[in-house]
Amino acid sequence: MINKEDFVFGTRAVIEAIKTGKTIDKVLIKKGLKNELISELHQLIRENGIVFQYVPIEKINRITRKNHQGVIAFVSPIEFDNIETVLPGIFEAGQNPILLVLDQITDVRNFGAIARSAECAGVQAIIIPEKGMARIGADAVKTSAGAIHHLPICKVKNLDDTIQFLKDSGIYIVAATEKADKLYTSADFTVPLAIVMGSEDTGISANILKIADEELKIPIIGKIDSLNVSVSAALMIYEAVRQRN
């Protein structure tokens, strides 16, 4: 269910939302739609680097039956931060970084729960990809108990490049995967750290596993072979808190 405060519909309304500086997650445009206003919208989308997608009219109708004119924009309730600005600020403040990288977490409730745990544990930033990620709307804010308003959320175009940037900046990259041999409690979490958590279905992508400094697992003793990703994230984060305190 998409909350009505999460989107703007109608070509002119979407154009004005972009011009007034609202943070737009994505614009959906009916396939084959062409007119003067759509040309203006396309120009604004390009100028502002906004993600857009051509979709069948049925997809837009499932979101709203009002006079959308074949155009709808999802509006973010938060302003996204730039990790290349956030990270130097952490070092300059004399803090020991602990960052959380989410590789295509698609369930909004999982994202909200992860953000809540991260904020409570003092994580300084969450890094997410621009595509393939749960949309941060009103449901995410609610599930996080408002936590996403209290820590930087950094949306990046290329997660692989961003993780390499973190490594080059002196951040140790650990990847949580059940395929690892080493237990997460055996790793050193006192160093400047970024914890990578993978998607609910496929885990961390192969490219990111190659970049990571270390792969770690949480022991599974029961018959079910994996934990919910929000639970796994909380365990990893609080292991860092335990070691650092």
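Strands β1 and β4 pair in the antiparallel sense over three bridges. Two strands count as paired if DSSP finds at least two bridges between them. Helices (H or I, at least four residues) and strands (E, at least two) are DSSP runs, numbered from the N terminus. The model is predicted: local features need pLDDT of at least 70, side-chain atom pairs count only at pLDDT 80 or more, and totals for chains, interfaces and linings use all residues. Residues are numbered from 1 along each chain as its sequence is written, and side-chain values use heavy atoms, with hydrogens and water left out.

Phe9 stands opposite Ile72 in β4. The open sheet has four strands in the order β1-β4-β2-β3, with mixed pairing. β1 (7-9) and β3 (52-55) stand at the edges, each with a single partner strand, so one side of each lacks a neighbour in the sheet. On average, neighbouring strands of this sheet are turned by 20° against each other, direction ignored. Axes are lines fitted to C-alpha atoms, for helices over the stretch in contact (heavy atoms within 4.5 Å). Angles run from 0 to 180 degrees between N-to-C directions.

Two helices lie across these strands. Helix α1 (residues 11-19) lies across β1, β2 (24-30) and β4, at about 130° to β1. Helix α2 (residues 36-48) lies across β2, β3 and β4, at about 150° to β2.

Asn82 is found in the loop between β4 (71-75) and α4 (83-92). Asn82 is partly exposed, with a relative accessible area of 43% (buried means under 20%, exposed over 50%, partly exposed in between; 1.4 Å probe, protein chains only). The side chain of Asn82 reaches the backbone nitrogen of Glu84 at 2.8 Å. Asn82 and Pro152 are 70 residues apart in sequence, yet 8.5 Å apart in space, C-alpha to C-alpha.

Definitions and conventions
Polar contact = N/O pair within 3.5 Å; in protein donor to acceptor, adjacent residues only side chain to side chain.
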